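Here's a quick briefing to read alongside the model. Have the sequence and the 3D view open as you go.

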Amino acid sequence: MSSPPAYPGIRISGCWALGAEGSSVEALDRLLPPVGAGRSPRKRTTSQCKSEPPLLRTSKRTIYTAGRPPWYNEHGTQSKEAFAIGLGGGSASGKTTVARMIIEALDVPWVVLLSMDSFYKVLTRQQQEQAALNNYNFDHPDAFDFDLIVSTLQKLKQGKSVKVPVYDFTTHSRKKDWKTLYGANVIIFEGIMAFADKTLLELLDMKIFVDTDSDIRLVRRLRRDISERGRDIAGVIKQYNKFVKPAFDQYIQPTMRLADIVVPRGSGNAVAIDLIVQHVHSQLEERKLRWDLAALASAHQCHPLPQTLSVLKSTPQVRGMHTIIRDKETSRDEFIFYSKRLMRLLIEHALSFLPFQDCVVQTPQGQDYAGKCYAGKQITGVSILRAGETMEPALRAVCKDVRIGTILIQTNQLTGEPELHYLRLPKDISDDHVILMDCTVSTGAAAMMAVRVLLDHDVPEDKIFLLSLLMAEMGVHSVAYAFPRVRIITTAVDKRVNDLFRIIPGIGNFGDRYFGTDAAPDGSDEEEVAWTS
């Protein structure tokens, strides 16, 4: 077939050729061209893994948020759909690698990678037996659950969270646990049949076909299936000749004509990838979906603090306690004691914003008393671990039968990125008033992630109360901008965040000071970025 023109009217030709053959994984590695040839190597981070939650990027560092992008208007409603990129191409053509390179080069907030591999249909027992003998065709359109793919992509484009199945290629079955993905500025959907369904095609704003030499695809598939999926070389070659190659010729290669951009050589084509990135940037500018944390903070420097913020009155007592806990010479015992006092005052202050209604009770003297009763159904506390859990005793002390949920955000030591590791929320939380607790908020990234998770569990935005002992103005503005109906309550707001996103003058690493753990090697306040930013 004739090759379609590459977008916009340019096709960069040429391909790598195999120079030898080998049966071992090491020999197969030597047959492959270098990844990203002509481009400086980039450090791989968790943001580039399949089905990982999205990232919040800034000019200084990357903050893992797993939350939703704040492209909301002044009424708090989403203004635009996400930009969806489809990546098609043959098996082992390098689609995932190209997607990762695009993600890295885009450097925009919240990009999510969705793999078609997650959506293989559940096999019957007979089909599984055939698959074990390499007699089941996984490279046919009927092997994929397109209805689930379409509904998943539709929800992601609308900014909704989705449950994505996890497929086990060693057993040819779906695992019991499904992965949660959250909405993003950009969605990259990659798969061999990415362009094989008409409804799916209509959801893609940009279509890219990765065109890689068939010999290279075969070598890559051999290497992958042998080293990662426990297959033997004879079985891989049998499956390739019987299903993979005929399916490419019949179903995949013809879809090249539907692509806006054709990328020969896959990840080795730096020019084509840069072209794609430029086009996506221009589309995001048109849609006004680009958002930069540092720019947002700068824009709000001269703006008044939002009306949704309430700061505990700075009485001499409150200021005195702040003086003690901010002092680097304060002992751990004193730090804990005065932090607990401030937490109790903060919780009491927050409860005054809950809805109350008039009610009449009878006193022991038989007299009526016109009072107030809590008008809600239930109060639930949700702590952002680890520092947020230190506020739970204060909440339990003033709220009888309060329910507690937890969200764990922890730094990946290899990448330096905070990651969402654990989530446990009480059932039927959607009718509750939720007190979200974190001890320090600098950029607001983790707080926004936690709020987004609560919204995904149908908690109304105006029923969420974000509580923190100390916040930076940057974090206040960020949270209020993204979620204008969330009530923000704190005991103090500091003016600045430094280049490492730490509150200035700040309180130090709250978790280390409270729990008595070792501080970061450079003495920096790592937790304000990693745990509670």
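Which residues touch the most other members of the largest nonpolar core? They are Leu114, Phe144 and Ile149, in a core of 41 residues. A nonpolar core here is a set of buried Ala, Val, Leu, Ile, Met, Phe, Trp, Tyr and Cys residues joined through side-chain atoms within 4.5 Å.

Before going further: this is a predicted model, where local features need pLDDT of at least 70 and side-chain atom pairs count only at pLDDT 80 or more, while totals for chains, interfaces and linings use all residues. Residues are numbered from 1 along each chain as its sequence is written, and side-chain values use heavy atoms, with hydrogens and water left out.

- Helices (H or I, at least four residues) and strands (E, at least two) are DSSP runs, numbered from the N terminus.
- The top contributor to this core is α4, with six residues.
- Leaving aside residues up to four places away in sequence, Phe144 touches Met116, Phe119, Tyr120, Lys121, Phe138, Ile149, Ile192 and Met193. Contact means heavy atoms within 4.5 Å.
- Another core, of 38 residues, lies apart from that one, and Met343, Leu395, Ile404 and Ile507 are among its members.
- As a rule, nonpolar side chains in soluble globular proteins tend to be buried together.

- Most residues other than glycine have a negative phi, and most peptide bonds are trans.
- Ala92 isn't a glycine, yet has a positive phi of about 65°. You'll find Ala92 in the loop between β3 (83-89) and α2 (95-106).
- Asp401 isn't a glycine either, and its phi is positive at about 60°. Asp401 sits in the loop between α12 (392-398) and β16 (403-412).
- Buried or exposed? Ala92 counts as buried because its relative accessibility is 14%, whereas Asp401 is exposed, with a relative accessible area of 60%. The cut-offs are under 20% relative accessible area for buried, over 50% for exposed, and partly exposed in between (1.4 Å probe, protein chains only).
- Going from Ile504 to Pro505, the peptide bond is cis, with omega near 5°. Pro505 belongs to the loop between β25 (503-504) and α15 (510-515).

**A buried serine**

- Ser383 is part of strand β15 (residues 379-385), and with 0% relative accessibility Ser383 counts as buried.
- Beyond residues up to four places away in sequence, Ser383 touches Gly388, Glu389, Glu392, Gly405, Thr406, Ile407 and Met437.
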